[in-house]
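Subject: Structure handover

Dear colleague,

Here is the structure I said I would pass on. My notes follow below it.

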Amino acid sequence: MSLLSPNQVVENMIQAGEAKAKLPVKDLLIRGALAGAFLGFGTTLAYSAELQTGMGIAGAILFPAAFVLIILLGLELVTGSFALIPVAVMDKRVTVRQMMNNWFWVIVGHIIGGVFYAWLFTIASTQFGHVTDNAVAAKIIAVSQVKTVAYKSLGVDGFIVVFVKAMLCNWMVTLGAVMAMTTKSVIGKIAAMWLPILIFFAQGFEHAVVNMFVIPAGMMLGANVSFTDWWVWNQIPVIAGNLVSGFLFTGAALYYTHRKAETKKVLDMAKQASPLTSPQQG
């Protein structure tokens, strides 16, 4: 059967986390950069669809295509790893140092890929500065300001809001990564991971890697956003919020319920077998 049990899914999560934590830096950078660029492609596709149809949901329906590319090609997405690698640590397959090493270099790769695609898109959308009325470019400028200076204007409340929106985002994104492990069918994987990603994007929650494209792109296109605005009022709290929800609500939650159930099953089988084996042992 193509459908896997929740216990099998958790084991796959642990194995995936272990494999990711043991990748060399070269692979972390390359795979992270590609993932960052692909999410940039997905974002501009979503904004184009929204502007062409006048319906934001149209963009949300299409955006998960970028996530599908990342998962099926085995690339590195740090937001997914916020759920996968900690379970490998809890299962004592990898160390905390290996986990932190993965997260650091993948984030560096995301920034490289996101900023690189932002630069290319800026050239394409403005025809190297000769066009100033591109609708998608204007959308990116507006979004980058909403994601930074708008939170800044709220002070501490803005910081709390962006953190919570980041938590809500990665609850769904990590579920997308896990749902892809529920089946061996390619079509099944695509369908299973599509829905959680659609849910997060349609509601405007905060995704750290998407923002590594959107905000630099907005800055390149002329948004009134500083480097400090980007990192203090968005990138740092968003990474933190993505980490908290990915680890607690997906990784730890699934691990402690299904891994514990599997352990109990093994112990029960051992107890059932013990009366049969004890006479022989005596």
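Glu76 has a relative accessibility of 1%, which puts it under the 20% cut-off, so Glu76 counts as buried. Please keep in mind that this is a predicted model. The partner of Glu76 is Lys20, and the closest N and O atoms of this salt bridge are 3.2 Å apart. The pair links distant parts of the chain: Lys20 sits in helix 1, while Glu76 lies in the loop between helix 4 (64–72) and helix 5, 56 residues apart. Lys20 is also buried, because its relative accessible area is 15% and the limit is 20%.

Other salt bridges

The search of the whole structure gave 11 salt bridges. One of them joins the side chains of Glu11 and Arg259, at 2.7 Å from N to O. This pair, too, links distant parts of the chain, with Glu11 in helix 1 (residues 6–21) and Arg259 in helix 12, 248 residues apart. Glu11 and Arg259 are both buried.

A further salt bridge is formed by the side chains of Lys26 and Asp27, with an N to O distance of 2.9 Å. Here Lys26 is exposed, because its relative accessible area of 53% is over 50%. Asp27 is buried, with a value of 16%. Shared partners also tie salt bridges into one network, made up of Glu11, Glu18, Lys22, Asp91, Arg93 and Arg259.

Helix 5 and helix 9

The axes of helix 5 (residues 78–90) and helix 9 come within 9 Å and cross at roughly 75 degrees. That angle falls in the range of 65 to 115 degrees, so the two helices are roughly perpendicular to each other. On the helix 5 side, the contact is made by Thr79, Gly80, Phe82, Ala83 and Leu84. Helix 9 contributes Asn170, Val173, Thr174 and Val178.

Nonpolar patch

Helix 9 also takes part in a nonpolar surface patch, to which helix 9 (156–179) and helix 12 (227–281) each supply at least two residues. The patch has an area of about 590 Å² and consists of Val156, Ile160, Val164, Leu168, Trp171, Leu248 and Phe249. Its largest share, 5 residues, comes from helix 9. Leu168 is one of the patch residues and is found in helix 9. With a relative accessibility of 33%, Leu168 lies between the 20% and 50% limits and therefore counts as partly exposed.

Regards

Technical notes
Residues numbered from 1 in each chain as written. Predicted model: local features only at pLDDT ≥ 70, side-chain atom pairs only at ≥ 80, totals over all residues. Heavy atoms only, no water. Patch = residues over 30% accessible without salt bridge, like charges linked within 9 Å, V, L, I, M, F, W, Y side chains within 5 Å. Areas by Shrake-Rupley, 256 points an atom, 1.4 Å probe, with all protein chains shown as cover. Salt bridge = Lys/Arg side-chain N within 4 Å of Asp/Glu carboxyl O. Helix = DSSP H or I, 4+ residues; strand = E, 2+ residues; numbered from the N terminus. Buried < 20%, exposed > 50% of the residue type's maximum accessible area, 1.4 Å probe, protein only. Axes fitted to C-alpha atoms, helices over the stretch in contact; angles between N-to-C directions. Parallel < 35°, antiparallel > 145°, perpendicular 65-115°, else oblique. Contact = heavy atoms within 4.5 Å.
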